[in-house]
Amino acid sequence: MAQTSPSAPSVAVLCGLGGWVPPRIVDNAELSARLDTTDAWITERTGIRHRRHIEPGQATSDLAVEAGRRAVRSAGGAPPDAVLVATTTPDRPCPATAPVVAARLGLAGVPAFDVAAVCTGFLYALATASGLLATGAARRVLVIGADAYSTIVDPGDRTNAVIFGDGAGAVVLRSGSPEELGALGPFDLGSDGAGEDLITVRAGGSRQRSAGDDGPPAGPERFFEMHGRAVYRHAVVRMSGSARAVLDAADWKSDTVAHVVPHQANLRILRSVVEHLGLPEERLVTNIRDLGNTGAASVPLALCDAAADGRLTPGDGVLLTAFGGGLTWGSCVLRWPALPPTVRPATPADPPTPRPGTPGTPTPKEQHP
């Protein structure tokens, strides 16, 4: 880890991008066959036609490792000296998932920790990484948003099972100057814990355990809950308000924003956000039709798809904004940098990185991202 120095403060500059989604496609026809719904109903209300799910035995870290490896490769292969994983679906309640990801990427020994801000987690992690770089505590940080919502959503929940998918997206940030393409900032972050019950998983935490109520092994408390109508209103107001705050702080006018890359919550929400910002819908970047809502992974995955399509060009003004449980929200802006060609997240993964301790697993010094 880099030591803090008295040199001039630096900002975080995006220099690498990668994403990965599991191969298994779950389309609306498959869900309609077991839920009381139809393809038309799902598409009309969410804009989603497909989503990806992990296979039995896979976990969030498997997604994060593949996305992280691609991002590091995109950034030139230099090893990061810190790893942040934004997730709501860690491999285990304890320990954090980030150290596992770092070890599997051959980065054992670097600081690694999780960021828990639900679907706003990636924005919170970007801001946290920016702080590490600004203080000189790190020179290069790998930031990953990864979620496997299929593991916490009740498969029989007609409302939520159609919305969420699994995936991971990642960026590499390095120290740089505010004038560079890819420089992040300003940021706007916020929360309102009074809305904790609007998006929640009730089981497994200290409140339930201290009450002596572990609940039934397959009880409803262990599944994800969301109050859709209230969340819709909060999401539109909070994302548009936060986005406006960073645009004002950056002194960006409407025509400066070439692309709005929001958390992929629901297509109707996203359209409402750009409408509230007074921006044309064609500036909206979305991949929700094919991937659904992937939680903390949704913003970097949308960036990956847009970059792979050639939609993002160097110098473009990009607005990132998100809303999630907590309640939490956040936004930031950047001028898009020149990056190597981006591999689409749905491209088949490289041979999987073995978990530490499995036969044939190289030691951390022998592994390379």
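## Cysteines

A disulfide is a pair of cysteine sulfur atoms within 2.5 Å. By that rule, this predicted model has zero disulfides. C332 is in no disulfide either; its nearest cysteine sulfur, that of C15, is 15 Å away.

Buried means under 20% relative accessible area, exposed means over 50%, and partly exposed lies in between (1.4 Å probe, protein chains only). C304 has 0% relative accessibility, so C304 is buried. C332 also counts as buried, because its relative accessibility is 0%.

## Helix α5

Helices (H or I, at least four residues) and strands (E, at least two) are DSSP runs, numbered from the N terminus. Helix α5 covers residues 121-135, 15 residues in total. Its expected span is 1.5 Å times one less than its number of residues. That gives 21 Å, and the end C-alpha atoms are 21 Å apart, so the two values agree.

Which residues of α5 are buried? Among them are G121, F122, L123, A125 and L126. A127, A129, S130, L132 and L133 are buried too. G136 follows α5 and has a positive phi, near 85°.

## The annotated domain

An unreviewed UniProt entry lists residues 247-336 as "domain: Beta-ketoacyl-[acyl-carrier-protein] synthase III C-terminal". UniProt positions follow the numbering used here, feature names are shortened, and annotations may be inferred rather than shown by experiment. The span is 32% helix and 22% strand, and its end C-alpha atoms lie 16 Å apart.

## About the model

Residues are numbered from 1 along each chain as its sequence is written, and side-chain values use heavy atoms, leaving out hydrogens and water. In this predicted model, local features need pLDDT of at least 70 and side-chain atom pairs count only at pLDDT 80 or more, while totals for chains, interfaces and linings use all residues.
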